[in-house]
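Welcome, and please open your viewer. We will go from stop to stop, selecting a few residues each time.

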Amino acid sequence: MYISQQLKNQSISEYLLYMWQVEDIIRAYNLDADRISAEYIPLFKLDAEKAKELAGWYESQIEMMREEDVTEKGHLQINNNIIILLNDLHSQLLKSSKHPFYSAAYYKALPFIVELRAKKGESQEKGEIENCFDALYGVMLLRMQKKEISTETAAAIEHIAKFIAMLSEYYKKDKTGELEL
């Protein structure tokens, strides 16, 4: 909860990846709020009041996951809405002649997006932005598991990460009214 609030203001992409991780943590604890309160929240070494707040936040996330039937896979609608907003902004940025560096970053990342999509057998159902987040999240999980990442994947992720970081910066500017399209 505290980390998510901070990330949401700093970087929408980091926030989204964090929220996907929260969903997976909740699944790892079998959507058991009591286990999360007893085993996971103490790792943060919070005072009793903050620990109680955080437990309540996890309970609300669990409730939403159950209501939206994403207990085994998928993402909460509030997280999917961010992808939708980012897709919309992405389309607007590509159409705008005012942001050539964004278009350049996208076209540098595009071959890697297409290649990763082909390797995973992804359908066109998922948009390119979600594919980018899937790739970033997948590599994040591999790093957490201390698994090897191929040179090709590392190069692809570098381009994708730069592109998504730029999109996140434009999102932030759009939210503050600083972005001209």
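Start by selecting tyrosine 106 and phenylalanine 163: both are buried, where buried means under 20% relative accessible area, exposed over 50% and partly exposed in between, with a 1.4 Å probe and protein chains only. Before going on, note that this is a predicted model, in which local features need pLDDT of at least 70 and side-chain atom pairs count only at pLDDT 80 or more, while totals for chains, interfaces and linings use all residues. Residues are numbered from 1 along each chain as its sequence is written, and side-chain values use heavy atoms, leaving out hydrogens and water.

**Aromatic rings**

Rings of Phe, Tyr and Trp (its six-membered ring) pair if their centres lie within 6.5 Å; planes under 30 degrees apart count as stacked, over 60 as edge-to-face and the rest as tilted. By this rule there are ten aromatic pairs. Now select tryptophan 57 and tyrosine 58: their ring centres are 5.1 Å apart and their planes lie at 85°, so this pair is edge-to-face. Tryptophan 57 and tyrosine 58 are both buried. Go back to tyrosine 106 and phenylalanine 163, a tilted pair with 5.5 Å centre to centre and 50° between the planes.

**Two crossing helices**

Show α2 (residues 12-28) and α4 (residues 48-67), whose axes come within 11 Å and cross at roughly 85°. Axes are lines fitted to C-alpha atoms over the stretch in contact, with angles from 0 to 180 degrees between N-to-C directions. The two helices are therefore roughly perpendicular, a label for angles of 65 to 115 degrees. Their contact (heavy atoms within 4.5 Å) includes Tyr18 and Met19 of α2 and Trp57 and Tyr58 of α4.

Leucine 31 is buried, at 9% relative accessible area.

Finish at lysine 45, in the loop between α3 and α4, with a positive phi of about 50°. Lysine 45 is exposed at 74% relative accessibility.

How values were computed. Helices (H or I, at least four residues) and strands (E, at least two) are DSSP runs, numbered from the N terminus. Angles under 35 degrees count as roughly parallel, over 145 as roughly antiparallel, 65 to 115 as roughly perpendicular and the rest as oblique.
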